[in-house]
Amino acid sequence: MSDKHRKHASRYTSDRKIPGAFEGETVTRRRFMTGTTHAAGAIAAASFALPALGFAIGPIFKETPHKWETAGPTDMFPDNNYIPVVITLTPGIGEAGKTTVYVRKRNPSIDLEKPDSLNQYIAITSRCAHLGCPVRWVDAAERFICPCHGGVYDLLGRRVGGPPVRPLDRFYTRVVDGFVQIGARYSVNSELQRFSPRDPGEPIDGIGQYLYPSRPSIRR
Amino acid sequence: MPKLPAPPVPAALKAPPPRPGDGNGKATPLDHAAEAGISVVDWVDERTSLSGAARWMMFRKVPKGTNWFYTLGSATMFAFLSQAVTGVFLAMFYKPDPSGGAYESIRHVTNEVFLGQFVRGMHKWGSSVMVILVFLHMGRTFFFGAYKYPRELNWLIGVVLLILTMVMSFTGYLLPFDQRAYWATIVGVNINGTGPLLGPYLSDFLRGGPEFGAVTLSRFYAIHMMLVPGLIAALIGAHLYLVAKLGTTAPPWLKAEKNPELRKAKA
């Protein structure tokens with residue numbers, strides 16, 4: 001500490017011989033003024049910085065609504081092959097908001113997960129679980145194949161080759177008045193158990209489900 | 001009026017003193033006209049003292065052995081200035097509209113605007129040039145040992161500038177909004193999402209939601225043309241200040257003078 005600070009040994013302004021000091025006063029008027037000015041500046045800066053920051057990161061916490069989209073009549077979908085259907089994920093932005101979903105009827109001999117009202121039809125996303133490129137169902141090979149980095153998936157969407165870290169995502173389906181409807185997206189682990197939707201590239205087996213938590217913006 | 005010191009220009013460029021008998025020492029209108037530029041500079045300098053700062057910045061001592069490798073930093077800066085100027089003019093035509101307007105506005109610039117293809121080409125290819133120059137400049141600094149004391153802070157600022165340049169490249173790639181731009185951004189955002197714990201939230205921040213949506217393009221556009229260029233310009237200022245303040249390093253192959261007498265004479 002320099003001598004400048006050491007010479008003010010006393011807390012009291014009157015002891016320090018400051019002109020006009022009150023008895024028992026510890027904060028000089030100069031120090032009080034400095035502090036008030038700094039506080040006013042901080043409040044002024046925070047009053048625009050905090051709302052702007054909240055505005056920018058707000059979408060992280062806002063849940064995106066989803067709606068049911070009609071895919072087609074129930075007899076359109078066989079139980080041993082996929083029919084591609086185009087649905088709108090994000091309305092209002094034209095082609096960029098659309099995606100292809102591969103739909104088939106549930107087949108009890110190969111679909112071993114528990115049947116319920118939301119998986120009578122199997123809807124598999126075309127979004128690769130590696131980095132999100134569009135996979136294509138190749139009928140002759142009975143495989144989903146990704147053009148970008150060579151990800152390969154089997155009939156159930158489970159990874160059989162290439163870099164993907166988990167099976168292809170699925171969508172909930174329901175039947176209304178003889179028509180199949182496609183709802184919200186969900187992710188599955190390698191046992192095809194349901195999880196909140198994760199982005200591509202995020203494994204959810206084992207520790208992965210905690211390293212890549214579900215997000216408030218999109219829940220199961 | 002007190003006379004300011006003459007600017008340090010070479011003797012050949014200085015005006016010759018008036019010959020005896022020319023106007024008998026009185027200033028003619030022609031003399032005033034010839035001095036007009038100097039008078040304006042003097043007027044500003046008397047009120048700002050900018051010439052001192054300009055001299056401090058420009059007339060520095062440089063070490064022996066300074067060579068062409070030392071121009072990579074200013075080459076990078078000029079690449080950035082070129083990007084900034086062409087970018088401002090491209091922004092006059094660009095529409096960040098994901099339902100087709102973005103692609104259409106780029107097509108319009110490329111095919112119909114006078115010199116549009118040229119200016120857009122400068123911006124597009126210039127971005128690669130800037131990235132290459134950044135890395136060459138970084139390599140020069142590394143291999144010449146120019147990051148060592150007391151220049152560590154300048155290395156750190158440079159690393160932040162490198163990251164910001166990468167952010168510019170990533171956000172700018174989406175703007176043409178063609179198939180390549182769209183899928184490259186999908187893949188890029190998903191790579192970013194593979195960072196554990198924070199990655200998924202950062203992806204949501206970049207997209208403005210869980211899916212590529214209506215606000216993604218305008219977010220990228222705002223980051224690309226307002227947020228990051230300002231940061232880069234400010235950090236280039238700090239980078240240059242430190243270069244001028246600390247001076248440049250001699251190349252590593254230059255040996256220090258062993259003879260103490262000569263060493264003193266050289267210093």
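User: What is the order of the strands in the open sheet of chain A, and is the pairing parallel or antiparallel?

Analyst: The model is a predicted one. In chain A, 4 strands make up an open sheet, in the order β5-β6-β7-β8. The pairing in this sheet is antiparallel.

User: Which residue in β8(A) is the bridge partner of A:Tyr153?

Analyst: Strand β7 of chain A covers residues 152–153 and runs antiparallel to β8(A), with 2 bridges joining them. In β8(A), the partner of A:Tyr153 is A:Arg159.

User: How far apart do the centres of the two domains of chain B lie?

Analyst: The domain assignment divides chain B into domain 1 (11–58) and domain 2 (68–246). Taken over C-alpha atoms, the centres of these domains of chain B are separated by 43 Å.

User: How far apart do the C-alpha centres of domain 1 and domain 2 of chain A lie?

Analyst: For chain A, the assignment gives domain 1 as 3–60 and domain 2 as 69–211. Between the C-alpha centres of these two domains of chain A the distance is 59 Å.

User: Which residues of chain A lose the most area to chain B?

Analyst: The size of an interface is often expressed as the accessible area lost when the parts come together. Chain A and chain B bury about 2300 Å² between them, and 63% of this is on carbon and sulfur atoms. On the side of chain A, three residues together account for 23% of what that side buries: A:Ile60, A:Ile93 and A:Leu131.

User: Which residue of chain A forms a salt bridge with B:Arg207?

Analyst: Between chain A and chain B the count is 4 salt bridges. In the one formed by B:Arg207, the closest N and O atoms are 2.6 Å apart, within the 4 Å cut-off for a salt bridge. The partner in chain A is A:Asp199.

User: By class, how many residues on the side of chain A that touches chain B are nonpolar, polar and charged?

Analyst: In the contact between the chains, 30 residues of chain A meet 28 residues of chain B. There are 11 residue pairs in polar contact between chain A and chain B, with both residues at pLDDT 80 or more. The elements giving two or more residues to this side of chain A are α2 (29–57) and α3 (208–211). By class, the side of chain A that touches chain B has 17 nonpolar, 8 polar and 5 charged residues.

Note on methods:
Residues numbered from 1 in each chain as written. Chains lettered and ligands numbered in written order. Predicted model: local features only at pLDDT ≥ 70, side-chain atom pairs only at ≥ 80, totals over all residues. Heavy atoms only, no water. Domains from an automatic or database assignment. Pairing = 2+ DSSP bridges. Contact = heavy atoms within 4.5 Å. Buried area = accessible area lost by both parts, 1.4 Å probe. Salt bridge = Lys/Arg side-chain N within 4 Å of Asp/Glu carboxyl O. Polar contact = N/O pair within 3.5 Å; in protein donor to acceptor, adjacent residues only side chain to side chain. Nonpolar A, V, L, I, M, F, W, Y, C, P; charged D, E, K, R; others polar.
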